[in-house]
Amino acid sequence: MVYQALWQRYLDWLYYHPGLGFYVDVSRVRFDDPFLETIKPKFEKAFKDTEELEKGAIANPDEGRMVGHYWLRAPELAPNDDVRKEITEPLKAIEAFAAKVLDGTIKPPTADKFTDVISIGIGGSALGPQFVSEALAGDFPPMAIHFIDNTDPAGIDSLLTRLKDRLKSTLVIVTSKSGGTPETRNGMLEVRHAYEQSGLDFPKYAVAVTMPGSKMDQVAHDWLARFAMQDWVGGRTSELSPVGLLPAALQGIDIQAMLAGAKEMDVATRVQDIKTNPSALLALSWYYVGNGKGEKDMVVLPYKDSLSLLSRYLQQLVMESLGKEKDLDGNIVHQGIAVYGNKGSTDQHAYVQQLRDGVPNFFVTFIEVLEDRQGPSIDLEPGVTSGDYLSGFIQGTRQALYENNRDSITITIPQVNPRTVGALIALYERAVTYYGFLVNINAYHQPGVEAGKKAAASILELQQGVVNVLKDAGTGLDLTTLAEKAGHPESVEAVYKIVRHLAANNRGVVLTGDFGKPASLKVSLG
């Protein structure tokens, strides 16, 4: 009887989209009818608030911006002709540019064609393009893509060393809305230096994706091309904007199919009924399992190698959107949902043990792909293929978790292709929107990110002050004295870490004393 009731629950709560072949199964989340009655008024408001967003309501009051990533795949819904042009004109320019690069009409000065792409960006300017590349570029894309998404010198060196003989045929995309993002600027300067050291004229290899009139737009005035970003698209929802469409097009990915899939999913997720709206079902489940407070983590397990970066992409989309200290009324709420994951069945042999038997502080989202491979599969055993094993693992893990009171969601797609990936992106974008309204937070600003940037800038400013003090000092200084002379007596620890870093990198700073006892150290310039 228990299994018969579970089967009936599956039938009652299974969502299917016939056009996309998408299934969303929330039957293994244990919400009940009383809970549904309490959540319905919240959803009624969430549906209306989301509708207002799509009409052009200001969603980011900190910056006075609309939020309109859903217009990217449906320009006809944009609030005015100017916004529509901001969508259609860059898209036409991207398609024309990519076609000319791929057929060799646009080429580097000393090579027949561009063979590679270096994409320089951070956050949404990197995570979305990386996810889509891994999912859709295939084994032999027309251009190989490489990412610089950090300001780690060793990582940059590693990439540039591997590409050294091909720099002369490598296109560089620099993506920054303002041009002031330090990580992106640093990557651009490092790459430009490498080109110059190789005797290559960097502007003839460089493309910018930025806001018109930004610092980056001015820097890139003589570059190969510039593509306009939209002010009303945030980084974490920018994959279907020029940020993601340009690198995808250069890899031969069908960007129109991605947009079409997202548009079709948007239509489905505008339905103002919880049970027949797949994004609402996700938001409902997230709210229930976390008690509306993010009390449980979201573990994302795609059972397909090409979707292995989905969890990283969703980390930013979900955590940057929902991780907020205050709600819309100014109350301290500390909202958010932590996201982690890798892929199945790798995680059968990694952390599924804890998921099954350990701390029940999570829920799982399984991503199932029906198509095993293109072409026939061999039998590993009579009537059993590798894909059968994969399907068995996902079903078995789902069952084992449920039997031990662990909730799970299963999203099933027919295959990994541009249309389904676009739909998957749109599905989660709107689920985040709904959940944000359910818990009364602003999902479209990120004050915590800005606070981190300001703190980092203050450390670099302190570093300059410390170096200036050392230049004027005639002898070695202890850390406390150095901090005082730099005007920051409260920052002795920060001063210590600054000089330790400079000394480790042969930047002219010398430390003497017992390194295990930092207070004993003397600091001077060598």
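Mentor: Let's go through the cavities, then a pocket, and then a few local spots.

Keep in mind that this is a predicted model. Searching the whole structure turns up 2 cavities of 30 Å³ or more. The largest cavity has a volume of about 60 Å³. Its lining is made up of Leu72, Ile87, Pro90, Leu91, Ile94, Gln230, Leu240, Ser241, Pro242, Leu245 and Leu259. Two or more of these residues come from each of helix H3 (81-102) and helix H8 (242-250), and H3 gives the most, with 4 residues. Sort the lining of the largest cavity by class and you get 9 nonpolar residues, 2 polar ones and no charged ones.

Now for the second largest cavity, which holds about 40 Å³ of space. Around it you'll find Thr50, His69, Tyr70, Arg73, Asp266, Ala426, Glu429, Arg430 and Thr433. Helix H14 (residues 418-438) gives the most here, with 4 residues. By class, this lining has 2 nonpolar, 3 polar and 4 charged residues. So where does the second largest cavity lie? Domain 1 (1-59 + 269-445) and domain 2 (69-253) both give residues to its lining, so the cavity lies between them.

Those two domains come up again at the second largest pocket, as its lining draws at least three residues from each of domain 1 (1-59 + 269-445) and domain 2 (69-253). About 720 Å³ of space lies in that pocket. It is lined by 22 residues, and the closest to its centre are Lys304, Ser306, Asp372, Arg373 and Gln374. Helix H4 (124-136) and helix H13 (386-403) each supply at least two residues of the lining. The class count for the second largest pocket is 6 nonpolar, 9 polar and 7 charged residues.

Next, the hairpin of S1 and S2. Strand S1 (residues 14-17) and strand S2 (residues 22-25) run antiparallel and are joined by 4 bridges. His17 has Phe22 in S2 as its bridge partner. There are 4 residues between the strands, and Gly21 takes a positive phi near 70 degrees. As a rule, side chains in a regular strand alternate between the two faces of the sheet.

S16 pairs with strand S18 (residues 522-525) over 2 bridges, in the antiparallel sense. Across that pairing, Leu477 stands opposite Val523 in S18.

Is Gln463 buried or exposed? Its relative accessibility is 14%, so Gln463 counts as buried, the cut-off being under 20%. Apart from neighbours within four places in sequence, Gln463 is in contact with Ile498, Leu502 and Arg507. Phe43 is another matter: 420 residues from Gln463 along the chain, with 50 Å separating the C-alpha atoms of the two.

Conventions. Residues numbered from 1 in each chain as written. Predicted model: local features only at pLDDT ≥ 70, side-chain atom pairs only at ≥ 80, totals over all residues. Heavy atoms only, no water. Buried < 20%, exposed > 50% of the residue type's maximum accessible area, 1.4 Å probe, protein only. Contact = heavy atoms within 4.5 Å. Pairing = 2+ DSSP bridges. 1 Å grid on protein atoms, 1.4 Å probe; cavity = no way out; pocket = protein on both sides within 12 Å on 5 of 7 lines; lining within 4 Å. Points joined across faces, edges and corners; volume = space filled by probe spheres on them. Nonpolar A, V, L, I, M, F, W, Y, C, P; charged D, E, K, R; others polar. Domains from an automatic or database assignment.
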